[in-house]
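Hi there,

Here is the structure I promised to pass on to you. Have a look at it first, and then read my notes below.

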Amino acid sequence: MTRRLPAVALVGAAVLAMPACAGGTAPADPTSSATRSSSSTHPAAHRTTATRPASTSGERALDRAVDEVAAAHPDAQLALAHAPVGGGRVHEHGDDRDLVAWSTIKVPLALAVIRSEQGESATTDIDAALTASDNDAAESLWERLGSGQAAASAVETQLARGGDSRTRVPPEVTVAGYSPFGQAHWRLRDQTRFASQLPCLAGSDTVTEAMGRVVDGQRWGLGTVDGARYKGGWGSTPEGYVVRQLGVVPGAKGDVAVALQVRTGTHEQGTAIADELADAFADHLRRLPSGRCP
């Protein structure tokens with residue numbers, strides 16, 4: 001049985017490169033490139049019709065558990081997906097709407113810098129971007145790739161290496177006050193497939209090692225699962241507040257890639273629901289398909 005660690009209280013601006021909004025409100029998403037608040041202007045996405053085969057007892061049980069979390073929060077949209085590391089079917093549970101990536105995109109961004117042979121000189125920025133979601137560090141990584149279309153293409157190349165040839169990264173700012181890369185729309189299925197290949201990609205060791213050292217204030221959701229290496233992202237959109245994570249977790253016979261997302265009213269509500277999804281996932285983890293890199 002996987003041991004679940006106690007959730008740690010959010011520390012807000014203390015762990016972010018950019019200050020949070022005043023008055024005790026939830027922190028701005030780590031992909032913000034300005035201190036002022038802003039929102040995505042993308043219209044609400046329609047729910048996709050995902051095939052939900054349940055070929056194992058663990059997957060069937062997790063389907064039921066996620067449905068229970070959803071029933072307890074009828075005003076929220078939530079989903080979780082998983083796949084064995086090294087390749088295999090992505091299994092989705094819940095309402096897998098197309099949502100903005102926020103700071104989860106910093107994972108392929110960091111990998112792109114490493115693959116550009118600037119990894120050694122960018123070690124400090126890579127570490128800060130992945131462990132504390134530092135905005136200035138992420139912007140520095142983007143600029144190292146040439147910014148604009150050069151940087152967007154470099155990040156998309158890493159996504160394609162991980163099996164995601166569909167996601168596109170905006171080359172320029174699309175929402176004032178936020179970085180271009182954080183506004184990419186990253187589908188849950190594509191994100192999970194990328195996470196399942198991430199440990200197998202050349203240059204990823206530095207990335208996954210940092211994902212195992214996330215600062216205490218961001219250890220919600222997958223941060224409560226023992227051994228998880230993960231990255232989160234969060235921020236406000238016109239349709240609601242979004243929190244999401246991707247990661248890799250030790251399973252029964254290898255590792256399991258997992259991604260989760262929640263859209264609800266506030267950061268606090270979103271992270272609390274993410275904790276519930278992570279609990280459900282951990283309860284059934286040993287019965288889910290796991291794998292290793294070839």
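**Two helices side by side**

Helices α1 and α8 are roughly antiparallel to each other, because the angle between them is over 145 degrees. Their axes cross at roughly 160° and come within 9 Å. To find the pair, look at residues 57-72 for α1 and residues 267-284 for α8. The crossing of these two helices is right-handed.

Which residues of α1 and α8 meet? From α1 come Gly58, Ala61, Leu62, Ala65, Val66 and Val69, and from α8 come Ile273, Glu276, Leu277, Ala280, Phe281 and His284. Sorted by type, the residues of this contact are nine nonpolar, two polar and one charged.

**The whole protein**

Please keep in mind as you browse that this is a predicted model. The protein has 294 residues, and 56% of them count as buried. It contains eight helices and five strands.

Next, turn to α2 (residues 106-118) and α4 (residues 135-144), which pack with their axes 9 Å apart at an angle of about 45°. That angle makes α2 oblique to α4. Is their crossing left-handed or right-handed? For α2 and α4, the crossing is left-handed.

In this contact, Lys106, Leu109, Ala110, Val113 and Gln118 of α2 meet Asn135, Ala138, Leu141, Trp142 and Arg144 of α4. The residues here divide into six nonpolar, two polar and two charged.

If you wonder what to note down for such pairs, two packed helices are described by the angle between their axes and the distance between the axes.

Why does threonine 237 count as buried? Its relative accessibility is 10%, and buried means under 20%, so threonine 237 falls on the buried side of the cut-off. A polar atom of the threonine 237 side chain also lies 2.7 Å from the backbone oxygen of glycine 240.

Enjoy exploring, and write back with any questions!

Best wishes

Terms used: Residues numbered from 1 in each chain as written. Predicted model: local features only at pLDDT ≥ 70, side-chain atom pairs only at ≥ 80, totals over all residues. Heavy atoms only, no water. Axes fitted to C-alpha atoms, helices over the stretch in contact; angles between N-to-C directions. Helix = DSSP H or I, 4+ residues; strand = E, 2+ residues; numbered from the N terminus. Parallel < 35°, antiparallel > 145°, perpendicular 65-115°, else oblique. Left-handed = near helix turned anticlockwise from the far one by under 90°. Contact = heavy atoms within 4.5 Å. Nonpolar A, V, L, I, M, F, W, Y, C, P; charged D, E, K, R; others polar. Buried < 20%, exposed > 50% of the residue type's maximum accessible area, 1.4 Å probe, protein only. Polar contact = N/O pair within 3.5 Å; in protein donor to acceptor, adjacent residues only side chain to side chain.
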